[in-house]
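Welcome to this tour! Open your viewer, get your selection tool ready, and follow along stop by stop.

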Amino acid sequence: MSHDIAEILRRDHERLDRILESSADAVRAGRWGDAAEIFEKFRQGIVEGHMAVEESLLFPAFEAWEGGDDHALTALLRKGHRDLQVFFSEMAEAIAAKDAEEFGDLLSTVQTILKQHDAKEEQEVYPHLAAAVPDHGEAAALRILAGQEPRP
């Protein structure tokens, strides 16, 4: 069974964007409990799923394929991951404080950053992953897909 890792990662970006937008819908409706629950699903999916797979499997393989650990592109993407996690914490705090205005401001910033970050990954890293990863991205694809399954 073969999985197109670049396509799976691109679709995961879209899936995560939809979850983030669902949390924003809940905030706008004043459904704070739902907002917190949906936002946590987003945070776990992106930080513990998507970013973790990129940083533990894909970026190191891409760096090795490109010729070394000190790669400017993956360093930039890792920094982006760290920066986004700070925003995610602030967004969770805004939900806990029931501060729709603060959440909205942070959401706008995060969506802009994610759009640029995702485009960079999709255009400059993902097209090379099948060649860079020894198993053509199969293990990474399976981890991403497993993380998308609903948990009981």
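The residues lining the largest cavity divide into four nonpolar, four polar and three charged. Here Ala, Val, Leu, Ile, Met, Phe, Trp, Tyr, Cys and Pro count as nonpolar, Asp, Glu, Lys and Arg as charged, and the others, Gly among them, as polar. This is a predicted model, in which local features need pLDDT of at least 70 and side-chain atom pairs count only at pLDDT 80 or more, while totals for chains, interfaces and linings use all residues. Residues are numbered from 1 along each chain as its sequence is written, and side-chain values use heavy atoms, with hydrogens and water left out.

Select His-13, Ile-46, His-50, Met-51, Glu-54, His-81, Leu-84, Leu-114, His-117, Asp-118 and Glu-121 to see the lining. The helices α2 (32-66), α3 and α4 each supply at least two of the lining residues; helices are DSSP runs of H or I with at least four residues, numbered from the N terminus. The space inside is about 40 Å³.

On a 1 Å grid over the protein atoms alone, a cavity is a set of points where a 1.4 Å probe fits but cannot get out, whereas a pocket is an open set with protein on both sides within 12 Å along at least five of seven lines; lining residues have an atom within 4 Å of a point. Grid points are joined across faces, edges and corners, and a volume is the space filled by probe spheres set on the points.

**Second stop: an open pocket**

Which helix gives the largest share of the lining of the second largest pocket? Color α3 (72-96): this helix gives seven residues, the largest share. The pocket holds about 180 Å³ of space.

Now show α1 (residues 5-28) and α4 (residues 100-132), whose axes come within 10 Å and cross at roughly 175°. Axes are lines fitted to C-alpha atoms, for helices over the stretch in contact, and angles run from 0 to 180 degrees between N-to-C directions. The crossing therefore makes α1 roughly antiparallel to α4 (a term for angles over 145 degrees).

**Last stop: a salt bridge**

Select Asp-12 and Arg-15, which form a salt bridge with their closest N and O atoms 2.8 Å apart. A salt bridge is a side-chain nitrogen of Lys or Arg within 4 Å of a carboxyl oxygen of Asp or Glu. The two residues, Asp-12 and Arg-15, are three apart in helix α1, so about one helical turn separates them.

Notes
Parallel < 35°, antiparallel > 145°, perpendicular 65-115°, else oblique.
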